[in-house]
Amino acid sequence: MKRNHSIPSVSVIPVLVYPDVRAAVAFLEAAFGFSERVQIGEDHRAQLAFGDGALIVGDVRGERRPPRPGEETHAVVVRVEDARGHCERAREHGARILMEPTDFEYGERQYTAEDPAGHRWTFSETVQDARPEDWGGTTRNGGW
């Protein structure tokens, strides 16, 4: 893949719509630990980084809208080193915790939060290397 400094270098980049891009960037940095890498316009878009991943925050325009209360149309999963500590940071900055950190049979400790615009986030800490067949999954196409 060719390098272009105007777009994150990762393969998949979710775009989430927020009513106020600057407020969203401030929240995502403070509560979830993202880092803004590019600001586009005063309140149009922003590119954020987290580890080796990326996210674009977009403004409301045309058909783009943030989630409506009581609906879940998507969720973003982000891998973290310490789910419990990350959860406390998110809570302190106003994230609504929907599920406290919980250990799952597939080797992950996860919690779920909702940001002020209604986007759902699952933060996942690996606690053990679990084969999918050990918990009811099936490895496909080599499982990478």
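Okay, let's start with a ground rule: two strands count as a pair if DSSP finds at least two bridges between them. Keep in mind as well that what we're looking at is a predicted model.

So, the sheet. Which order do the strands come in? It goes β5-β8-β7-β6, four strands in an open sheet, and the pairing is mixed. At the edges you've got β5, residues 75-79, and β6, residues 96-103; each has a single partner strand, so one side of each is left without a neighbour in the sheet. From one strand to the next, the twist averages 15 degrees.

β5 and β8, the latter being residues 120-126, run parallel and are joined by five bridges. If you want a landmark there, find V76, which stands opposite W121 in β8.

How many bridges hold β7 to β8? Seven, and those two strands run antiparallel. They make a hairpin with five residues between the strands, and in that hairpin G118 takes a positive phi near 95 degrees. And β8 itself, is it mostly covered or mostly open? Mostly covered, with six of its seven residues buried.

Look for α2, residues 83-92. What does α2 lie across? Across β6, β7 and β8, and α2 runs at about 170 degrees to β6. Which residues of α2 are buried? A83, H86, C87 and A90. They cover an arc of only 105 degrees around the axis, which puts them on the same side of α2. As for what covers those buried residues, the list includes β6, β7 and β8 from the sheet, plus β3, residues 45-50, and helix α1.

That brings us to α1, residues 21-32. In general, you describe two packed helices by the angle between their axes and the distance between the axes. Here α1 and α2 pack at about 140 degrees, and their axes are 7 Å apart. With over 145 degrees being what counts as roughly antiparallel, α1 and α2 are therefore oblique to each other. Who's actually touching whom? From α1 it's E29, A30, A31 and F32, and they meet H86, R89 and A90 in α2. By type, the residues of that contact are four nonpolar, one polar and two charged. Notice that H86 and A90 turn up in this contact and also among the buried residues of α2.

Now, a quick tour of a few other spots. M1 sits in the segment before β1, residues 15-17. Is M1 buried or exposed? Exposed, because its relative accessible area is 85%, and the cut-off for exposed is over 50%. Leaving aside neighbours within four places in sequence, M1 is in contact with S9 and S11. From M1 to E108 you go 107 residues along the chain, and the C-alpha atoms are separated by 31 Å.

Next, W135, in helix α3, residues 132-135. What does W135 touch, not counting residues up to four places away in sequence? E105, Y106 and A130. W135 counts as partly exposed, at 35% relative accessibility.

Last stop is N141, in the segment after α3. Phi of N141 is near 50 degrees, so here's a positive value in a residue that isn't glycine. N141 also counts as exposed, at 83% relative accessibility.

Okay, that's me done; over to you.

Notes. Residues are numbered from 1 along each chain as its sequence is written. This is a predicted model: local features need pLDDT of at least 70, side-chain atom pairs count only at pLDDT 80 or more; totals for chains, interfaces and linings use all residues. Side-chain values use heavy atoms; hydrogens and water are left out. Axes are lines fitted to C-alpha atoms, for helices over the stretch in contact, and angles run from 0 to 180 degrees between N-to-C directions. Contact means heavy atoms within 4.5 Å. Angles under 35 degrees count as roughly parallel, over 145 as roughly antiparallel, 65 to 115 as roughly perpendicular and the rest as oblique. Ala, Val, Leu, Ile, Met, Phe, Trp, Tyr, Cys and Pro count as nonpolar, Asp, Glu, Lys and Arg as charged, and the others, Gly among them, as polar. Buried means under 20% relative accessible area, exposed over 50%, partly exposed in between (1.4 Å probe, protein chains only). The arc is that of the directions from the helix axis to the C-beta atoms.
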